[in-house]
Amino acid sequence: MYTPSPLPLLHSKRKVTMVSSYNFLLLISSLVFFTIISSSIAQRPKALVLPVSKDSSTLQYVTQINQRTPLVPVKLTLDVGGQFLWVDCDQGYVSSTYRPVPCRSAVCNQARSKSCVTECYSPPRPGCNNNTCSHLPDNPITKTGTGGEIAQDVVSIQSTDGKNPGRFVTVQKLPFTCGSTFLLEGLASGVKGMAGLGRTKISLPAQFSAAFSFHRKFAICLSSTSSLNGVLFFGDGPYVLLPGIDVSKSLIYTPLILNPVSTAGAYFEGEPSADYFIGVKSIKITGTAVRLNTTLLSINKEGFGGTKISTVNPYTVMETSIYNAVTKAFIKATANIPRVRPVSPFGVCYNSTSIGSTRVGPAVPQIDLVLQSSSVIWRIFGANSMVQVKSDVLCLGFVDGGVDPRTSIVIGGHQLEDNLLQVDLAASKLGFSSSLLFSRTTCSNFNFTSNA
Ligand SMILES: *[C@@H]1O[C@H](CO)[C@@H](O)[C@H](O)[C@H]1NC(C)=O
Ligand SMILES: *[C@@H]1O[C@H](CO)[C@@H](O)[C@H](O)[C@H]1NC(C)=O
Ligand SMILES: *[C@@H]1O[C@H](CO)[C@@H](O)[C@H](O)[C@H]1NC(C)=O
Ligand SMILES: *[C@@H]1O[C@H](CO)[C@@H](O)[C@H](O)[C@H]1NC(C)=O
């Protein structure tokens, strides 16, 4: 990195009589210019990092950012397909740097808002200002939504070199939407909003990449236990997990598919979905294709069908005919394992004393999600397919999503744990690692000791 030395300046000062004043000024201004450039390069992080914990009672994945002036920690439920960051502004929002986003402003346009609150009938406060751009924050767990003003405030977050967290960096005017206290219902204890990582221009990944001019990529690695933190990275790799494994090197890619119709609880007409859809073409169990109605695997004009990833569904949800076909095929492939009475919400359970264990979890048939070609496979091993519901009962961790659901396959949290997922927004592709247990690491192996 170029670090300007103060010496040439002193030198030229002494020689000031020998150079024209014009040249002297030019020299000084170029030195000042270099100093500014080099210090801003030195301060600009390449990536950011957040710990992600698993809440044991709701099975939600929870993270925390620092927001407002003075800064306070704000706990948030992670929503990988969420449109933006929203927080409760009704209660406890105190900040001297809160700024409502005016109607028809650049940020309002970026948010694709189609709504302007000209008058809010109460004294001004965060969440209630006149002539403010508004959006529709929603809670996909309780399937509720509301109108809320868009605002900007300070956010502080730790940078990373991919191995450890580093110093805190600040975004002065990070856009978010004001939710209401009732919208927090069903969220994990202490949570004050949701961290939306979806495909919009005002989601957290888009805003952090824009603020620090780093790669429009982010990665999530969810821990399978509530006692240890998983990790969320904004920006490109390396993503190093102990013992020193750069898991960004083990990604396989599949194109992201845009669902042209919003899948949010409430949305403006014409808005596309913020969810990340991938093209599952077939499902194989121990190498044999399950017979499915393939129409359900693509997205139709009304935005129904297809496969998406979700951090708000604890388990994979499948449309009824797909669920029935997959469970039937799985039962056939496990005919030698004694089944036990199913434990809700699951339909297929086994006596776990009859199931061996492997490095990648219980020894059960692997389930393959076949993507754009027969060689691109998201392979689900026992650690991700089976859920231990009691000491001697293991269940297939898929649930029946009913007939005619909005999305045919929703790949849920349990199936994502200890897998690295990277979303590349610029290239519109998803990188996935399959089980990190094969690489002898897990998502709870990021070294959160700061090296700042
Ligand atoms: C909005 O404007 C109206 C009319 O000027 C005023 O009575 C009201 O207090 C204002 N509300 C806010 C939140 O500023
Ligand atoms: C397949 O699914 C589509 C969409 O739900 C439905 O219209 C069609 O009838 C189904 N086909 C069969 C053979 O069940
Ligand atoms: C599982 O099998 C063991 C050994 O045969 C038995 O003792 C236990 O009761 C079984 N558990 C269930 C839930 O059936
Ligand atoms: C974690 O990182 C810190 C700071 O770089 C380092 O001192 C420590 O040895 C690391 N821990 C492990 C287990 O490598």
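Visitor: Let's start with helix H4 (residues 204–212): how many of the residues of this helix are buried?

Guide: Keep in mind that this is a predicted model. In helix H4, 7 of the 9 residues are buried, so the helix is largely enclosed by the rest of the structure. The buried set consists of Leu204, Pro205, Ala206, Gln207, Phe208, Ser209 and Phe212.

Now step off the end of the helix. Ser213 follows H4 and has a positive phi, near 50 degrees. Most residues other than glycine have a negative phi, and most peptide bonds are trans. Ser213 sits in the loop that runs from H4 to strand S13 (217–221). With a relative accessible area of 53%, Ser213 is exposed, because the cut-off for that class is over 50%.

Lys143 is another non-glycine residue with a positive phi, about 55 degrees in this case. You'll find Lys143 in the loop between strand S8 (138–139) and strand S9 (144–145). Its relative accessibility is 71%, so Lys143 counts as exposed.

While we're on backbone geometry, look at the prolines. The peptide bond joining Thr69 and Pro70 is cis, with omega at about -5 degrees. Pro70 belongs to the loop between strand S2 (61–67) and strand S3 (72–79). There's a cis bond from Leu242 to Pro243 too, with omega near 0 degrees. Pro243 lies in the loop linking strand S15 (240–241) and strand S16 (245–246).

Ligand 4 has Asn164, Leu242, Asn447 and Thr449 around it. On its own, ligand 4 has 360 Å² of accessible area, and the protein covers 39% of that. By class, the shell around ligand 4 has 1 nonpolar residue, 3 polar ones and no charged ones.

On to ligand 1. Glu119, Cys120, Ser122, Pro123, Pro124, Cys128 and Asn130 surround it. The side chain of Asn130 puts a polar atom 2.2 Å from an oxygen of ligand 1, while a backbone N or O atom of Cys120 is 3.2 Å from a nitrogen of ligand 1. Taken alone, ligand 1 exposes 360 Å², of which the protein buries 51%. The shell of ligand 1 divides into 4 nonpolar, 2 polar and 1 charged residues.

Ligand 2 has Asn293, Thr295 and Leu296 around it. One oxygen atom of ligand 2 is 2.3 Å from a side-chain N or O atom of Asn293. Ligand 2 exposes 360 Å² when taken alone, and the protein buries 28% of that.

One more residue deserves a stop: Ser113, in the loop between helix H3 (106–110) and strand S6 (115–117). At 15% relative accessibility, Ser113 counts as buried, because that class takes in anything under 20%. A polar atom of the Ser113 side chain lies 3.0 Å from the backbone oxygen of Ser115. Leaving aside residues up to four places away in sequence, Ser113 touches Cys108, Cys133, Ser134, His135, Ile150 and Phe268.

Finally, zoom out to the whole protein. Its secondary structure comes to 7 helices and 34 strands. For 452 residues, a compact globule would have a radius of gyration near 22 Å, and the 25 Å of this protein agrees with that. Along the principal axes, the C-alpha atoms fill a box of roughly 95 × 55 × 40 Å. Buried residues account for 52% of the 452. Among contacts with a separation of 6 or more, 69% are between residues 24 or more positions apart. The protein exposes about 20,300 Å², with carbon and sulfur atoms supplying 56% of that area.

How values were computed:
Residues are numbered from 1 along each chain as its sequence is written. Chains are lettered from A and ligands numbered from 1 in the order in which they are written. This is a predicted model: local features need pLDDT of at least 70, side-chain atom pairs count only at pLDDT 80 or more; totals for chains, interfaces and linings use all residues. Side-chain values use heavy atoms; hydrogens and water are left out. A residue is near a molecule or strand if one of its heavy atoms lies within 4 Å of it. A polar contact is a pair of N or O atoms within 3.5 Å; within protein, one must be able to donate a hydrogen and the other to accept it, and residues adjacent in sequence count only if both atoms are side-chain atoms. Accessible areas come from the Shrake-Rupley method with a 1.4 Å probe; for residues, only the protein chains shown count as cover. Ala, Val, Leu, Ile, Met, Phe, Trp, Tyr, Cys and Pro count as nonpolar, Asp, Glu, Lys and Arg as charged, and the others, Gly among them, as polar. Helices (H or I, at least four residues) and strands (E, at least two) are DSSP runs, numbered from the N terminus. The radius of gyration is taken over C-alpha atoms; the globule rule is 2.2 Å times the number of residues to the power 0.38. Buried means under 20% relative accessible area, exposed over 50%, partly exposed in between (1.4 Å probe, protein chains only). Contact means heavy atoms within 4.5 Å.
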